[in-house]
Amino acid sequence: MKLAVWTYEGPPHVGAMRVATGMTGLHYVLHAPQGDTYADLLFTMIERRNHRPPVTFTTFQAADLGADTASLFKQACQNAYERFRPEAMIVGASCTAELIQDDPGGLAETMGLPIPTVALELPSYQRKENFGADETFYQIVRTLAKPTTKTTKVTANLIGPTALGFRHRDDISEVIALLDDMGIGVNVVAPMTASPDDIGRLSAAHFNVLMYPETAQSAARWMEREWGMAYTKTVPIGVGATRDFVAEVANIAERKPYLDESRLRLPWYSQSVDSNYLTGKRVFIFGDGTHVRAAARIARDEIGFEVVGVGCYNREQARGVRTLAKQYGVEALITDDYLEVERILANLEPELILGTQMERHIGKRLGIPCTVISAPVHVQDFPARYSPQMGIEGANVIFDTWVHPLVMGLEEHLLTMFRDDFEFHDEAGPSHHGVAHQTQSPTERRSDTDVIWLPAAQAELKKIPFFVRGKARRNTEVFASERGMAEISVDTLYEAKAHYAR
Amino acid sequence: MTVMPNPTAFAGCDDTSVLKERGQREVFCGLTSIIWLHRKMPDAFFLVIGSRTCAHLLQSAAGVMIFAEPRFATAILEETDLAGLADAQNELDRVVGELLNRRPDIRRLFLVGSCPSEVIKLDLQCAAERLTTKHAPHVRVLNYSGSGIETTFTQGEDACLAAMVSVLPESQNQQLLLVGALPEVVEEQAVSLLSAMGIEPVRVLPAPRADEDFGIGENTFFALTQPFLGDTHAALTRRGAHHIAAPFPFGEKGTTAWLQAIANVFKVADSRFKSVTEVPRARARKAISQAADVLAGKSVFLFPDSQLEIPLARFLTVECGMTAIEVGTPYLHRGLVEQDLEFLPTSTTISEGQDVDQQLDRCRQSRPDLTVCGLGLANPLEAEGLITKWAIELVFSPIHFYEQAGDLAGLFSRPLRRSERLKLAAVS
């Protein structure tokens with residue numbers, strides 16, 4: 001038994017729903033008790049989908065358990081087939097149905113439906129949502145994809161985007177544009193936008209672009225093994241990664257690399273003097289492995305932040321994130337325990353969190369600004385405007401959204417100059433945000449060490465602008481305790497300041 | 001004193017006229033009610049013994065995660081727990097021990113059964129008794145099932161309250177008991193109206209804190225504030241308490257009839273009843289008429305959700321002038337909603353259970369002006385051009401009694417007003 005307060009990932013059948021809902025012409029019959037239909041609202045509310053997910057739940061009840069849940073499942077399959085006329089069906093069980101062992105795959109097979117049926121075995125008590133999506137897509141590809149002749153033009157498949165993914169909708173457009181600029185066409189985008197028929201002709205492409213390893217790694221490997229189809233290893237999030245991606249694609253497709261940088265603004269925005277204040281801002285990065293790896297590179301190399309911690313909640317990506325952490329000289333936090341992430345954040349006191357919706361909540365409570373870079377997502381992560389993470393426009397979007405929660409450069413400068421001014425006091429927070437998002441002032445937070453702040457030092461600390469106050473407090477305490485000092489005076493504060501000056 | 005118009009002829013009084021369906025049910029399970037129950041009882045913790053799906057449901061249904069460490073959590077069953085049951089009980093002791101260590105403020109702990117824990121027949125009753133002994137006197141441990149195989153949405157509250165009734169001490173004092181978890185502001189309004197009529201003492205179930213528990217017995221008279229409390233009703237009746245049957249206190253007329261039924265039992269003089277209710281009644285009437293002008297003459301279709309559907313349909317038709325095409329409810333507790341049911345006309349289809357695809361077909365065909373449904377259906381129906389009201393707001397918002405009558409009408413009129421307001425076509 002594992003005590004969970006909030007979870008980063010849903011159960012594996014929710015991953016299967018993300019695949020099914022992204023596709024067209026596919027129907028998912030899920031053997032599940034009444035109540036599991038809650039998952040529909042993830043798609044209709046969070047993603048604002050205008051149709052119900054193509055999922056039929058058997059919604060069995062206690063009374064059915066004594067009777068015949070197997071025929072209930074078959075009836076649901078039959079009804080779903082007749083009503084929705086899908087081109088293919090996937091069938092499986094949720095956690096409770098797994099326990100009653102009705103074998104949905106076997107039952108569906110005996111029905112003799114005139115369409116392909118894919119049986120899913122998703123171990124609900126061991127695995128989670130991302131595994132469910134990856135496994136479902138893999139099984140669909142294995143069952144439906146057939147060897148075909150290659151397209152005459154060089155084409156690629158875009159694999160990985162699903163329903164309820166973080167910015168998948170817009171990343172697709174961006175990657176299609178990147179390939180188009182190099183004269184490479186798109187054969188199929190899957191699972192999102194693909195029909196079972198489209199899955200059938202995946203092998204017509206010359207290679208695969210693996211957009212999100214979380215959801216399509218297994219399918220990419222299988223296609224490589226079966227048909228020798230190469231797939232890209234670089235995820236084009238950030239300027240450097242996009243350039244690497246273009247080089248990798250050029251290499252696979254045997255053509256000249258080409259990247260239209262006319263709309264790329266991140267490098268200049270990062271170079272312009274207003275961005276000086278971004279230098280060395282301490283950021284903590286947490287999310288799915290793919291987005292975390294990309295974000296770390298952008299944070300350090302493209303914006304000039306200091307990465308003080310990285311981690312991911314999906315163990316499938318733990319190895320990559322551990323390697324990354326080593327390169328950045330920090331500890332890797334591999335956990336799906338939300339309370340542990342909160343503890344680490346409270347301890348590290350970064351100036352910015354790049355995280356998920358969960359970290360956004362933590363940040364709100366700790367008074368630390370946060371930008372969402374990864375699933376799990378909420379309704380505001382599906383903006384009406386075009387807002388990719390990948391490619392050229394993705395880099396521009398990332399610059400804006402990461403910098404937005406912070407105090408603007410010029411403003412930070414003014415706050416430092418006029419810090420005691422009665423009209424310009426810094427408790428108000430960034431001026432472009434209506435309400436101060438400081439819920440807890442860093443000076444009021446209890447110290448972890450035994451060092452005592454003398455009143456004068458405490459007062460001096462309050463004169464330091466809020467967005468660096470937490471760091472100043474922490475640095476001073478570390479400085480003092482390393483030197484065995486029991487008290488912090490104004491002098492200690494400034495000695496520490498000089499010590500950490502950069 | 002007539003507080004309600006005469007019931008219209010109701011054909012739904014015999015079972016045959018209720019449309020009973022069996023198919024996919026697009027409803028929440030009983031675990032969902034933890035979201036409001038834990039707010040109502042600040043010293044209680046709800047520990048679901050379930051799967052990752054249960055944890056994900058609680059998180060998704062709550063929408064936003066406002067609380068750093070909420071007073072509910074899931075003990076997620078793992079492969080090792082499923083292997084041997086003896087293990088699971090030990091594991092439960094360990095998890096509960098850790099939890100109570102971290103949260104010394106907890107006085108009441110509910111072990112909440114889920115679909116997987118029910119299927120593997122994990123004995124939570126036995127666990128609750130063992131843990132109560134272990135952690136006495138500081139913490140009382142109770143258990144109930146909020147599983148989807150046994151409960152739908154608000155039935156979770158019913159199961160929880162019924163479990164609480166079973167451990168209330170015996171008392172022969174005469175008292176009025178209000179049953180159902182209501183927002184504090186609403187509960188206070190009801191208590192103050194009843195006190196003004198001289199009815200005392202007034203107790204509430206669930207009591208906000210463990211030390212506010214009271215006894216019950218043959219001189220306890222209870223009124224339900226929610227229509228989904230069938231098991232709690234039965235538990236109280238078994239303990240000798242007497243139910244005061246009434247329509248549910250929604251809107252001006254529902255509230256008046258509900259108060260009147262209580263006043264009759266406690267022999268409140270007509271003049272006193274009138275003087276206490278006159279002003280808020282007039283205020284409620286005015287508020288409803290302002291909010292409900294866009295509702296009059298419009299048709300409404302209610303999908304099954306919280307079991308509030310029958311009383312709400314009564315409010316919408318009798319007090320707001322709407323026509324109910326179909327009123328769906330997960331379960332029809334005829335004994336509890338009879339006094340609301342009799343005001344619905346014969347032309348209204350009453351449906352129990354659900355086959356969501358068939359019900360959607362009927363809804364599309366009847367093109368109601370307003371469809372009341374769950375969050376899974378609302379956007380898809382809006383995209384088809386049907387105006388919808390999310391049913392879940394009716395459970396989370398204060399909607400009972402006089403002062404909220406206007407707000408209740410407003411919840412239904414807002415989507416209609418909004419759709420009239422939006423103009424996106426070119427002007428020329």
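In helix α14 (residues 318–328) of chain A, the buried residues are A:A318, A:V321, A:L324, A:A325 and A:Y328; buried means under 20% relative accessible area, exposed over 50%, and partly exposed in between, with a 1.4 Å probe and protein chains only. Viewed down the axis of α14(A), these buried residues fall within an arc of 125°, so they line one face of the helix; the arc is that of the directions from the helix axis to the C-beta atoms. This is a predicted model, in which local features need pLDDT of at least 70, side-chain atom pairs count only at pLDDT 80 or more, and totals for chains, interfaces and linings use all residues. Residues are numbered from 1 along each chain as its sequence is written, chains are lettered from A and ligands numbered from 1 in the order in which they are written, and side-chain values use heavy atoms, with hydrogens and water left out.

**Helices of chain A**

- Helices (H or I, at least four residues) and strands (E, at least two) are DSSP runs, numbered from the N terminus.
- The buried residues of α14(A) pack against α13 (289–303), β11 (306–312) and β12 (332–334) of chain A, where contact means heavy atoms within 4.5 Å.
- On the face of α14(A) turned away from its buried side lie the exposed residues A:R319, A:K326 and A:Q327.
- Helix α1 (residues 12–22) of chain A is mostly covered, with 11 of its 11 residues buried; among them are A:H13, A:M17 and A:R18.

- Strand β2 (residues 44–50) of chain B is mostly covered, and 7 of its 7 residues are buried.
- In a regular strand the side chains alternate between the two faces of the sheet.
- From β2(B), B:A44, B:F46, B:V48 and B:G50 point one way, while B:F45, B:L47 and B:I49 point the other way, and all are buried.
- β2(B) pairs in the parallel sense with strand β4 (residues 108–113) of chain B over 6 bridges; two strands pair if DSSP finds at least two bridges between them.
- Within this pairing, B:F46 stands opposite B:F110 in β4(B).
- Strand β3 (residues 72–76) of chain B runs parallel to β2(B), and 5 bridges join the two; B:I49 stands opposite B:A75 in β3(B).

**Strand β8 of chain B and its partners**

- Strand β8 (residues 220–224) of chain B is mostly covered, with 4 of its 5 residues buried.
- Strand β6 (residues 175–179) of chain B runs parallel to β8(B) and is joined to β8(B) by 5 bridges; B:L176 has B:F221 as its bridge partner in β8(B).
- Strand β9 (residues 242–243) of chain B is also parallel to β8(B), through 2 bridges, and B:F221 stands opposite B:H242 in β9(B).
- The chain crosses from β8(B) through helix α9 (residues 230–238) of chain B to β9(B) in a right-handed β-α-β crossover; right-handed means that, with the strands pointing away from the viewer, the path from the first strand over the helix to the second runs clockwise.

**Chain B overall**

- Chain B contains 17 helices and 14 strands, and 62% of its 428 residues count as buried.
- The radius of gyration of chain B is 22 Å, which agrees with the value near 22 Å for a compact globule of 428 residues; it is taken over C-alpha atoms, and the globule rule is 2.2 Å times the number of residues to the power 0.38.
- The C-alpha trace of chain B spans about 65 × 60 × 45 Å along its principal axes.
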